[in-house]
Amino acid sequence: MPEIIFNGPAGRLEGRYQPSKQKSAPIAIVLHPHPQFGGTMNNQIVYQLFYMFQKRGFTTLRFNFRGIGRSQGEFDHGAGELSDAASALDWVQSLHPDSKSCWVAGYSFGAWIGMQLLMRRPEIEGFMAVAPQPNIYDFSFLAPCPSSGLIINGDSDKVAPEKDVNGLVDKLKAQKGILITHKTVPGANHFFNGQIENLMAECEDYLDRRLNGELTPEPAAKRIR
């Protein structure tokens, strides 16, 4: 899988990129956990998500946020990292102008950045938020959330307690026009120690069902004139 360096807002960004053989294949971007707590694009969950999309024919990118690995710049508490993610998507789209759709997947801190990117980019049609932290990060910008997606967490997560994730899910499920799928991995902590296979089985099942045209909201009833 080719190592790549592309320009970001604070200097060069380092990534791993796998183009699809199909020109019009969808794009998937995978975002890593918190840079100040050991998060990198080589995190096992990030790698597995990348590989999942790649196996299904997506053009796939994962990269290091600013200040991590060979990526230039310094940690910017989310604002800069969101700009990094937008630049990463721009970079892939510049190479794949025929690609019409995009997915974003993020783990922990990466889930928060991914959901913000979703709000800014209408071409993102699906998301996966793995172990989001609504107890730490503000998700109120999802008003309304523009795309259907998967939120998945462990029921033994002490970093992002289940009740907080459930609160976020309930808020999003109340919105019309999207379908939020919520899955819980029994016995899993924030790092999914010993549970990554179960996590990925749920993510793969969700993606396959979406690609088969399932798990999309019912179209709104047409008004009678």
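A residue counts as buried here when its relative accessible area is under 20%, as exposed when over 50%, and as partly exposed in between (1.4 Å probe, protein chains only). The model is a predicted one, in which local features need pLDDT of at least 70, side-chain atom pairs count only at pLDDT 80 or more, and totals for chains, interfaces and linings use all residues. Residues are numbered from 1 along each chain as its sequence is written, and side-chain values use heavy atoms, with hydrogens and water left out.

Helices (H or I, at least four residues) and strands (E, at least two) are DSSP runs numbered from the N terminus. β4 spans residues 59-63, and five of its five residues are buried. That goes for both faces: T59, L61 and F63 lie on one side, T60 and R62 on the other.

β4 also has partners, where pairing takes at least two DSSP bridges between two strands. Strand β2 (residues 11-18) runs antiparallel to β4 and is joined to it by four bridges, with R16 opposite R62. Strand β3 (residues 27-31) pairs with β4 in the parallel sense, again over four bridges, and here I29 sits opposite L61. Between β3 and β4 the chain passes through helix α1 (residues 44-55), in a right-handed β-α-β crossover (with the strands pointing away from the viewer, the path from the first strand over the helix to the second runs clockwise).

Elsewhere, Q116 belongs to helix α3 (residues 109-120) and counts as buried because its relative accessible area is 16%. F191, found in the loop between β8 (180-185) and α5 (196-211), is partly exposed, at 49%.
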